[in-house]
Structures are given as structure tokens and as C-alpha cells.
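Here are a few exercises to work through with the model open. Try each one yourself before reading on.

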Amino acid sequence: MTPRRLARLAALVALWVLPSWAHAQQSLHLPAAEGAGTPRPLVIHAALDLPQARPLLAAFQRRHPEVAVTYHNLTTLALHERFLAAPDAADVVISSAMPWQFALANAGHARPLGGHVTDAWPAWARWRDELVAFTFEPIVMVVHRDLDKLAATPRNHAELLGLLRERREALTGRVATYDPVTSGVGRTYAMEESRLSPRYWDLVAALGAAEAELVATTGEMLDGLEDGRLLIGYNLLGSYARPQVEAHPDLELVVPDDYALVTQRVAFVPRQAPHPETGTRFVAFLLSEAGQRVIAEQTSLGALHPGVTGPGSAAALRERLEDALRPPGLGPGLLAGLDRLKRQALLARWRREFRRAQPSAPSTAE
């Protein structure tokens with residue numbers, strides 16, 4: 001796939017994206033330590049906000065004080081477009097837009113990392129020694145504790161469906177989820193869920209019957225939950241929801257125990273990276289047990305390393321939820337999310353199902 005083709009598709013298709021509210025465009029420069037020798041530059045372009053990135057950058061520099069780090073944080077779309085415009089500008093590219101990262105690697109833009117970096121990494125979280133997933137971020141529900149006045153907190157999709165049907169009037173206008181028509185992340189989740197669950201379309205209809213608020217970001221859902229206007233938020237990004245929930249005792253985070261989508265940050269070293277050795281060294285740190293412990297203990301991203309257990313690790317989540325967690329594998333299947341006709345068909349059905357149980361809904365003829 002040519003860069004021109006990738007750029008054209010970028011304007012048309014759903015991205016595997018994180019909420020735009022979480023990614024103000026920011027830059028950070030960390031100079032090499034004095035007396036550490038000749039500085040070795042490292043340029044990182046990422047869709048990862050600074051509170052999550054800083055602990056990793058600081059820990060890496062403690063191990064490699066001679067490295068001078070320049071970090072640019074962008075939205076996933078801006079990151080992708082910037083790479084296509086300047087594929088030789090960064091040493092590491094990090095994004096949760098998994099289909100686009102895979103498409104870039106598949107088109108030959110990623111440099112092999114070397115077996116010493118990837119051989120011990122889980123096979124489902126790497127592709128062809130070029131692309132690696134290094135976080136584990138479930139998609140969750142968040143509820144306001146005022147819901148207890150109506151019913152028990154739903155612990156899975158079946159219970160949420162039952163609650164929406166049984167208490168539709170009480171919940172009308174007090175539920176929110178992503179709008180897949182306007183949100184790339186919403187489209188991605190809709191596509192994945194429609195594959196996973198035969199009851200997904202019933203849930204979409206129940207959300208429509210309850211006149212669920214359709215939003216573009218996790219932040220909008222959290223705002224409505226924090227002020228009590230909303231009682232249920234469906235399909236929030238857990239790594240961004242968890243700190244907010246911990247800061248607000250009226251909120252509760254629920255990882256569904258029947259199935260939970262998982263998104264991941266994916267990294268590669270560009271084939272035209274100006275400093276590929278330091279880029280490879282940083283990716284190796286992200287996959288190391290030391291780097292993964294930083295992720296588990298100092299961020300809300302979720303660590304993947306099999307040797308990292310306890311809070312903040314994929315191992316802890318798997319122990320509790322077992323097979324309910326559904327991370328996407330790194331492979332050609334990700335490209336299905338870039339197919340225009342499949343996207344159009346999905347959105348057409350989503351609109352129909354959402355309006356199905358609304359008595360005053362306009363005609364759904366397409």
C-alpha cells in the first residue's frame with residue numbers, strides 16, 4: 001500500500017483511536033545528563049499523553065543518561081499524517097491506532113527490531129519482528145452509585161441489556177456511549193463487538209430505546225458521570241477512566257466479565273529513523289520487565305510482560321476475568337477495519353438498530 005493510498009484512506013476510515021480529549025499536542029525535551037558522554041538523540045512521536053509518558057521517559061533516561069529525548073505527543077490522526085509526510089523524522093512511533101500501525105509496517109515502513117528484543121515477547125502482541133504492542137487497556141463501563149437506587153450494577157453485557165430493557169424509563173437520557181457515526185473509536189468498538197456477540201445488536205437497540213447520549217470521547221462520558229447527569233457510561237477507555245474513577249468516590253469502574261475489548265499501544269522503529277539504534281533501545285526498554293513495571297506501577301496503561309503481576313498488569317486482569325478479555329492480535333485481520341464498504345454496512349445497520357425501538361423514530365430506510 002503506497003503512502004498516497006494510506007493518506008487517502010486516513011481521511012475516510014475509522015481509526016483505532018484514543019479519545020481526542022486525552023491528547024493535547026505537546027512536546028517535551030529531556031537533555032542528556034551532564035558528564036554522561038556524547039549525547040545520543042532519541043526522537044519519539046506518539047499518541048500518549050505526558051502524564052503516562054513521563055514515568056517511562058524518566059526511567060529510560062536513568063538507565064541511559066547519555067540519551068537526549070525529544071518527545072512529541074499528537075492525536076492518532078495527526079501522528080499518522082505526520083509520519084506519511086515525514087517518515088524520517090522519528091526514531092519511534094507509538095499509537096493505539098492499531099490498524100494504521102499495522103498498515104504502515106505491512107507497507108515496509110518498519111525496521112526489524114532484532115530477535116534479542118522480540119523473541120521473548122508474546123506472539124499475539126508482536127508482528128514480524130517489526131511491530132510490538134506493549135500495553136493492555138480494557139474497554140470498560142463506568143456507573144454512578146446513584147444507580148443503586150434503581151437496580152444492581154450490571155457486571156456484563158447481558159445484565160446491562162436486561163437493565164436497559166427493564167428500567168428503560170428511569171434510564172432514559174441517563175446513559176451514554178460512543179457515536180460510531182462521528183467517532184473513529186466508536187466505529188472500531190462497534191465492529192469488534194458485532195463480531196464477538198450475537199446479542200450486540202439487541203444492546204444497540206436497547207441503548208436507542210433509552211435515548212442514550214451519543215458522544216465522541218471518553219472525557220464527555222466521564223464529565224456526565226461525575227456531575228450525576230449520567231448513571232451509566234458504556235465502552236470507555238479504561239486507562240483514562242481509572243484515574244478519574246479513583247478520584248471520584250461516586251463512580252465505579254466495571255470490566256465486563258463476559259467479554260471485554262482491549263486496546264493496546266503499538267510501537268515501531270521507522271525504516272528511515274534518523275537514530276535507529278536509540279529507537280530500538282527504547283522499544284527494548286518498553287518490553288523489558290523493568291519498563292513494564294513502570295507501566296504497571298506508575299501509569300494506568302496496563303503491563304503485558306508475563307513476569308509482571310499484581311495491580312496494573314494484564315496477568316492480574318486475566319486471573320480475574322480469564323477468557324473474557326479480548327485483545328486484538330497483531331496481524332492482517334486488523335486491515336478489515338480499513339475497508340470502506342464494511343464500514344458503511346456497519347454504520348447503516350447501527351443506525352437502524354439504534355432507532356429500532358424508538359416509537360417516534362424517523363424512517364430508517366437507507
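**Exercise 1.** What is the mean pLDDT of the protein chain, and what share of its residues reach 70 or more?

Solution. Keep in mind that this is a predicted model. The mean pLDDT comes to 87, with 90% of residues at 70 or more. Next, look at residues 2-24, where the pLDDT is below 50. In the model, that stretch still has 78 contacts beyond near neighbours in sequence.

**Exercise 2.** Why does the radius of gyration of the protein chain agree with a compact globule?

Solution. Start with the length: for 366 residues, a compact globule would have a radius of gyration near 21 Å. The protein chain has 21 Å, so the two agree. Then check burial: 57% of the residues are buried. Finally, take contacts between residues at least 6 apart in sequence; 79% of these join residues at least 24 apart.

**Exercise 3.** Which residues of helix 10 are buried, and what do they pack against?

Solution. First place the helix among the 15 helices and 14 strands of the chain: helix 10 covers residues 218-226. Its buried residues are Thr218, Gly219, Met221, Leu222, Gly224 and Leu225. An α-helix has 3.6 residues a turn, so residues three or four places apart point the same way. As for partners, the buried residues pack against strands 7, 8, 9, 10 and 11, plus helix 11 (238-247). Last, step just past helix 10 to Gly228, where phi is positive, at about 85°.

Key:
Residues are numbered from 1 along each chain as its sequence is written. This is a predicted model: local features need pLDDT of at least 70, side-chain atom pairs count only at pLDDT 80 or more; totals for chains, interfaces and linings use all residues. Side-chain values use heavy atoms; hydrogens and water are left out. Helices (H or I, at least four residues) and strands (E, at least two) are DSSP runs, numbered from the N terminus. The radius of gyration is taken over C-alpha atoms; the globule rule is 2.2 Å times the number of residues to the power 0.38. Buried means under 20% relative accessible area, exposed over 50%, partly exposed in between (1.4 Å probe, protein chains only). Contact means heavy atoms within 4.5 Å. pLDDT is the predictor's confidence in each residue, from 0 to 100.
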